[in-house]
Amino acid sequence: MSGMGGVSSSSSSSSRSTRSSRRAAAAVPAGAVDATPEQIVRASTIAPINVDEIECSVCMESLREGDEEVVQLNLCGHQIHYNCFVGYLTNAQRRSCWICGAFFWRPLGNMPHGTMTHQVMQGQTLPGHPDADGVIIIDYSFRGGVQGPQHLRPGMHFSGTRRSAYLPNNAAGQLVLRLLQKAFECKLTFTIGDSVTSGAQNTVVWNNVHHKTSMHGGPQAYGYPDPGYLDRLTEELASLGITEALLDE
């Protein structure tokens, strides 16, 4: 019995040492885009005092039995196996809770490298925004390249693109511009795929962040006027984890 106790004690000590070293290695700025899955897990979780949930939502195995480490999200309190959390982040680059959808880390997409610039065109207004002092013109530019492991067809060439979009130069439009800049920083605005409009394959395409690519023509022409567009876009960005709380980071 004493021999078994000794083995058990050694194993427990080793486990605590491993967990301590994992925690110590987790020093990383909150929300850092280049953080590893292990760093994200350590910076966004604690060791739970009590394991309240019965099973892991990823592997569906018991959280209360066995020796696997269990961690708990700081933000919402949901629990998961440590290794399952690492796999969850590695496989899908998701940064929101697997149960409630709360974002525990700055979101990250798979957009290839590109540029986003903007300028204000004075002397014009967008239909529906007579209060605006000009029009904000956003320009996106991407060169072609080779798809990485996170893309649709790894190893295959993809073609680049250039896109322009328009916002009213008023308080609401300027706020949306800042949110779009943050979305671009988080690689959410575009992805690599097949274009529905042109039929082109392996090219840079919009990634469900809806822009107004025309100044006129209304919603059917992806233009203005479109009452509620800025509010809808703000809600759309929030669903991706891009909120005003991120703007000062």
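1. Which residues in H4 meet which residues in H5? From H4 come Ala172, Gly173, Val176, Leu179, Leu180 and Ala183; from H5 come Leu230, Leu233, Thr234 and Leu237. Contact means heavy atoms within 4.5 Å. By class, this contact has eight nonpolar, two polar and no charged residues. Ala, Val, Leu, Ile, Met, Phe, Trp, Tyr, Cys and Pro count as nonpolar, Asp, Glu, Lys and Arg as charged, and the others, Gly among them, as polar.

2. Basis. The model is predicted: local features need pLDDT of at least 70, side-chain atom pairs count only at pLDDT 80 or more, and totals for chains, interfaces and linings use all residues. Residues are numbered from 1 along each chain as its sequence is written, and side-chain values use heavy atoms, with hydrogens and water left out.

3. Helix geometry. The axes of H4 (residues 171–185) and H5 (residues 229–239) come within 10 Å and cross at roughly 25°. Helices (H or I, at least four residues) and strands (E, at least two) are DSSP runs, numbered from the N terminus. Axes are lines fitted to C-alpha atoms, for helices over the stretch in contact, with angles from 0 to 180 degrees between N-to-C directions. H4 and H5 are therefore roughly parallel to each other (angles under 35 degrees).

4. Pocket lining. The residues lining the largest pocket divide into eight nonpolar, eight polar and three charged. Strand E10 (residues 203–206) gives the most to this lining, with three residues.

5. Backbone checks. A cis peptide bond joins Tyr224 and Pro225, with omega about 0°. Pro225 is in the loop between E10 and H5. Lys187 is not glycine, yet its phi is positive, near 65°. Lys187 sits in the loop between H4 and strand E9 (190–193).

Terms used
Angles under 35 degrees count as roughly parallel, over 145 as roughly antiparallel, 65 to 115 as roughly perpendicular and the rest as oblique.
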